[in-house]
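Reader: I'd enjoy walking through this structure with you. Could you take my questions as they come?

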Amino acid sequence: MLEVNDIVTAYGKIEALKGVSLSVPEGQITVLLGPNGAGKTTTLMSVAGLLKPKRGSVTFEGQDITGRQPGTIVQRGIALVPENRLVFPDMNVHDNLKTGAYVRNDNEIESDIESIYERFPRLKERYHQHAGTLSGGEQQMLAVARALMARPKLMLMDEPSLGLAPMIVEEIFRIIHDLNQEGTSIFLVEQNANMALKIAHQFYLLEQGLVTFSGTPGDMDENEVIQRAYLGTTA
Amino acid sequence: MDFYFGMLQIVGLHTILGLSAYIILLTGQVSMAQAGFMSIGAYIAGMLTVLAEMHLIPAMLIGGVAAALVACIVGFPALRVKGLMLVVATIAFGEFIRIFWFNFDYQISRGGVKLGPEGGEGFKQIRFFPENGWSTLDVAIFIWVVAGAVIAAVWWMDRSRAGKVLRAVGEDDLAAQSAGINLTVVKVSAFTAGGFIAGLGGSVYAHYTTHIEHLNFDIVMATFAIIYPILGGLSNVFGTILAVIFVQVFLLEVLRPLGDLRNLLFGAMIIVVMNFMPHGLFSAQVASRIKGVFSGRKEGANA
């Protein structure tokens, strides 16, 4: 469904991605693991159009989307749940959800919001509250819900477990699992390798801007995965 | 009575100026170039009514459009800088426009009298109002018709989808972008709209004072423009209007006996507000409390 082909993305002269290739099959959960600074977020942002790769290509459902405007990419069916959630703090929950539907102009937006509220009852309780006043877990749910409002075929999720209590992390992963069961493909970047590998169909290891391993969760000894995901091989 | 009409005029003009900065501030951009955009409207509309003997209304619109065009061009490089750097860049641009007018001569002779802008001497005799016999009250009413139209337009825009989009960009541009919002379009549009409003305000201002010079559009005016929405908060347009009344009527007129100490107070005021009321004097909480009063709901009475 998503093919990333040998992309190089640089911040000024520093190449954060030195030729990353990976593929995200339809209907699956693909996980990208790696230590800090490996380029995980850069990879997601290059796919979402927030960063433009210097070289290489990104194709989605057979169409080239390399370097397209983020808006176009959302319209094609890829939605990003950004790192640190990035909800709009001074907007209420309802308006946050509406912004997620920015690229749509059908008349099912309100009914979609209703079904979001069914899935996330906590958001319904707080629909008129400013998003900045929600707890971290609620903000993460809102960020996921906002991305869902674009009706994506593929969701890019950047460290949804960041800074959350273990119980909430489990709930977030259950939501990711449910979404996938309902047919949304997921491309998940995580630091929490244990949890991520439990729901992953396949995973990639990214170290210093290069993919160093790809396979299914059973393919590599879990201890080695953890070590390389947190520390990298060179450490 | 004319003193109060004069006050009314100043409050109206500064409201227009403040709202021009408000619209840009909604997208999270602090523009210190509003006085510059204002001067473009002022000089162009003035030249049209004086030199081309055009009627005020079309001259105002042309002045506004000219300022909007310049603001649109400024909007693009402004995309590349954020925060403090944008403040510096827009100050530089405002000064650039001011120096341009300082060096701008375009005079024609009519009936032995020289008319038109004359560099550092300024642009005198913009006499559309006195020539047509408008009293101070007439001018005050006219200013408020324009200000009212601007307030209504910005208020309506703010409540519409466009307003939500501007606010989304202002609150978090990365999140806005990943929701599919095109940052370039939104930020440049905000600059263009802000430029148009400032230009419109400037064209009215030129005819109200009848004499403009580059110093009218210096950094003090630019500071005024941005201070109103900051003081008033971004909850809605009325915060900006209240801030104008607060600064122009209370700080500058009521405290006039304090003399130069006023300026000191002005600076202190801004620091106090930014520290203790980061959402402005007229925040969403205050707004909903006032709404409650008007709808007859007493606080604490909903138990």
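Author: Gladly, and one term comes before anything else: helices (H or I, at least four residues) and strands (E, at least two) are DSSP runs, numbered from the N terminus. Please also keep in mind that this is a predicted model.

Reader: Thanks! Between which elements of chain B does B:Gln125 lie?

Author: B:Gln125 has a phi near 60 degrees, a positive value in a residue other than glycine. Most residues other than glycine have a negative phi. With 14 C-beta neighbours inside 10 Å, B:Gln125 counts as partly exposed. Its place is the loop between strand 2 (113-115) and helix 5 (128-131) of chain B.

Reader: And A:Gln208: is it buried, partly exposed or exposed?

Author: A:Gln208 sits in the loop between strand 9 and strand 10 of chain A, and its phi, near 50 degrees, is positive in a residue other than glycine. A residue is buried if 20 or more other C-beta atoms lie within 10 Å of its own, and exposed if 12 or fewer do. A:Gln208 has 16 such atoms within 10 Å, so it is partly exposed.

Reader: Which strands stand at the edges of the open sheet in chain A?

Author: The open sheet has 6 strands in the order 6-7-8-3-9-10, with mixed pairing. An edge strand has a single partner strand, so one side of it is left without a neighbour in the sheet; here these are strand 6 (78-81) and strand 10 (210-215) of chain A.

Reader: What angle does helix 1 of chain A make with strand 7 of chain A?

Author: Helix 1 (residues 40-48) of chain A packs on the sheet, touching strand 3, strand 6, strand 7 (154-158), strand 8 (185-190) and strand 9 of chain A. Its direction and that of strand 7 of chain A make an angle of about 150 degrees.

Reader: What separation do the C-alpha atoms of A:Leu17 and A:Gly209 have?

Author: A:Leu17, in strand 2 (residues 14-24) of chain A, is buried, with 27 other C-beta atoms within 10 Å. Among the residues it touches are A:Ile7, A:Thr42 and A:Gly209. A:Leu17 and A:Gly209 are 192 residues apart along the chain, yet their C-alpha atoms are separated by 4.1 Å.

Reader: Which element gives the most residues to the largest nonpolar core?

Author: That core has 159 residues, and those with the most contacts inside it are A:Ala145 and A:Leu156. A:Ala145 is in contact with residues including A:Leu97 and A:Phe120. The element that gives the most, with 13 residues, is helix 9 (residues 183-209) of chain B.

Reader: How are helix 6 and helix 9 of chain B oriented, roughly parallel or roughly antiparallel?

Author: Helix 6 (residues 136-159) of chain B packs on helix 9 of chain B with the axes 11 Å apart and at an angle of about 180 degrees. Angles over 145 degrees count as roughly antiparallel. So helix 6 of chain B is, relative to helix 9 of chain B, roughly antiparallel.

Reader: Last one: which helices of chain A give two or more residues to the side that touches chain B?

Author: The contact takes 22 residues from chain A and 13 residues from chain B. The elements of chain A that give two or more are helix 2 (70-76) and helix 3 (93-100).

Technical notes:
Residues numbered from 1 in each chain as written. Chains lettered and ligands numbered in written order. Predicted model: local features only at pLDDT ≥ 70, side-chain atom pairs only at ≥ 80, totals over all residues. Contact = placed C-beta atoms within 7 Å. Pairing = 2+ DSSP bridges. Axes fitted to C-alpha atoms, helices over the stretch in contact; angles between N-to-C directions. Core = buried A, V, L, I, M, F, W, Y, C linked by C-beta atoms within 7 Å. Parallel < 35°, antiparallel > 145°, perpendicular 65-115°, else oblique. Lists of a residue's contacts leave out its neighbours within four places in sequence.
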